[in-house]
Amino acid sequence: MKYLRSDTEPGELIANIALMLQRNAMRFADRPVCCIKKNGVYEGAAWSAFYERILSIAAGLKEIGFGKGDKMIVYSTNRPEMLELELAIMASGGISVPIFAFFPKETVTLLVRHSDARFLAAEGALQLDRVDSALPLEKILVFDPCPDSIHHELISFSSLQKTKSTQPIPLNFDASTDEICLNMYTSGTMGVPKCVQLSHRNILSQQAGLERIWGINTNDRFLSYLPWHHSFGGIFERFSALYNGAAIYLDSGCGKDPAELLANWKLARPTVFFSVPKIYGALIEQLKYDPTLEAGIFHPGLRFVFTAAAALPPAISQEFDRRGIPVMEGWGLTETSPCCTITDPNIKREAGVVGKPIPGVEIRIAEDGEIQVKGPNVMKGYYKNDEANRNSFTADGWFCTGDLGEITPGGLKLRARKDRVFKLTNGEKVMPAEIEELIQSKCHYLTYALVIGGGREYTVALLFPNKKALDHPNYELSPDEGCFCPRSLSELKKCLHGCLKDANCGLGNKFSRIKYAMLIDDELSIEGSTLTPSMKIAPARIMNTYKAHIENLYGQENKLSHEVYIIRLEPDQGTVQNQKKATCMK
């Protein structure tokens, strides 16, 4: 087996979150913690007042019967109250269970019952309406006033905040580093979410490692939109700021409105920005439409940007590189708290290479190519899932990530998700993620691509357009040489033949090449369950939603409810054949 580890040792581990909060209240007393926009201005409490509020909340939790080991579902968007509550829960011996703020009622019911939580905190009326009154919840906290709620035992969070802290201090400073304090549900890209159990050591060991390789400090400002129910935002970004005394500025648009994000960017002037490729793409698009934004986005204080969840397309990465802004990339999973590797900004980035392990983390490649991890960041295990626990660890204690990769001079290179690799009828294995990434790197007029072919004779692709880019083509700032800047799906269809042909030529194995692609006039979404809350594609759900479309690519003639264009790609043909606009059917 091939191994990879850091030559740098991690810093000293803080034993638990209660001790981290106490330390921060003394070290960063007058520094802001979490700022929100009010009347066009960002403002927020300093660490000394923030810590006092956490003490009050922890005392209030004890008064309502929330004790050590109890779990609380936190069903809310990012806001200061959510931050205060989660920290109070974790620092006083409880377990926080954050979930996506817009999950439907059925999913909330499933997760509440599975988690065995006896308490729940809801943001407001929208969330309360989706909480079944028959659930075995003892108490429900609510951040916003909801006088007409049907729920009994409803407690205003503002009243909890006013609880007088009594002696002894209601935080558990003696908590074991291995005590579970956070349960996070995975995105569930291929099925039912798993409940990951994380300890104080899991969360804080990551920061002990990171402090050795980057210098985040009290002068840093994070403009934050990544949801806290997900590990990238809720652990990696959030605790990187908290641990080091940096200020978190919450994006009032939750990352959904590029114009709002830019307005907040001007106010917060972030020095560090954590995001996924889709948002970086939207920022660069805004810049192309309005070059006057240049100075506001790439201001002198911007130290670096961090990307995860998927590779940053070269065209977008180059926009930062040519302005001297380092782009850092990382890799990990919720099960690894989440960060395992980070790229070195001093080394030229390579496609698919996600860097070397952070201090304290070891990586090895199994015989079948699976990446395995060992370190203090690896979870305690899945909750109520013995089968997954048996399959997730080797006999010698390494965590099996489910990702395939290889070790290169530049670090770990990702290849595919193990559970997405499929076999064609000729027995050849295809890694769809590599092809999808190649397709999306060729055309920024696509938002997502899904490659399919398991048990079939050939591979096909479903393509979803970037409608905003189509509606606002910029002929002066064409992103790629030879791009025709299409203005409609029919024009995009013509462009795509060349891009897809180039992508096919870039594949080493001919059997992997796409034979047919379908451009669909539809958008993947969280609401439609075709995207996870972290904006990753959910392949199984997409294949179910677009089953008829896929069947048509294999010779069926189903009536479709979307406008689609089929592109035929044959190695020996230079023109598009069989390109037809499907009839829209209700």
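By buried I mean under 20% relative accessible area, with exposed being over 50% and partly exposed in between, using a 1.4 Å probe and protein chains only. Before I go on, this is a predicted model, so local features need pLDDT of at least 70 and side-chain atom pairs count only at pLDDT 80 or more, while totals for chains, interfaces and linings use all residues. Residues are numbered from 1 along each chain as its sequence is written, and side-chain values use heavy atoms, with hydrogens and water left out.

Back to Glu319, then. Which residue does Glu319 form a salt bridge with? That would be Arg323, with the closest N and O atoms 2.9 Å apart. For salt bridges, I'm taking a side-chain nitrogen of Lys or Arg within 4 Å of a carboxyl oxygen of Asp or Glu. Arg323 also meets the side chain of Glu294 in a salt bridge, at 2.6 Å, N to O. That pair links distant parts of the chain: Glu294 is in helix H11, residues 294-297, and Arg323 is in the loop between helix H12 (314-321) and strand S15 (327-332), 29 residues apart. Helices here are DSSP runs of H or I with at least four residues, strands are E runs of at least two, and both are numbered from the N terminus. Glu294 is partly exposed, at 28% relative accessibility.

There's a network, too: salt bridges with shared partners join Arg79, Glu81, Glu123 and Asp144. Over the whole structure, the search finds 27 salt bridges.

One more of them: Arg53 and Glu84 meet through their side chains at 2.9 Å, N to O. Again distant parts of the chain are linked, 31 residues apart, with Arg53 in helix H2 (residues 47-63) and Glu84 in helix H3 (residues 80-91).

Next, a helix pair. Helix H1 (residues 17-27) packs against helix H8 (residues 231-244) at about 45 degrees, with the axes 9 Å apart. That makes H1 oblique to H8. On the H1 side we have Ile17, Met20, Arg23 and Asn24, meeting Phe239, Leu242 and Tyr243 in H8. The contact residues split into five nonpolar, one polar and one charged.

Now the sheets. One is open, with five strands in the order S1-S18-S19-S21-S22 and antiparallel pairing; strands pair if DSSP finds at least two bridges between them. Strand S1 (2-5) and strand S22 (411-417) each have a single partner strand, so one side of each is left without a neighbour in the sheet. S1 pairs with strand S18 (residues 362-365) over four bridges, and Tyr3 has Arg364 as its bridge partner in S18.

The other open sheet has four strands, ordered S25-S26-S27-S28, and its pairing is mixed. Its edge strands are S25 (446-452) and S28 (564-568). S25 runs antiparallel to strand S26 (residues 459-465), joined by six bridges, and Ile452 has Val460 as its bridge partner in S26.

Methods
Axes are lines fitted to C-alpha atoms, for helices over the stretch in contact, and angles run from 0 to 180 degrees between N-to-C directions. Angles under 35 degrees count as roughly parallel, over 145 as roughly antiparallel, 65 to 115 as roughly perpendicular and the rest as oblique. Contact means heavy atoms within 4.5 Å. Ala, Val, Leu, Ile, Met, Phe, Trp, Tyr, Cys and Pro count as nonpolar, Asp, Glu, Lys and Arg as charged, and the others, Gly among them, as polar.
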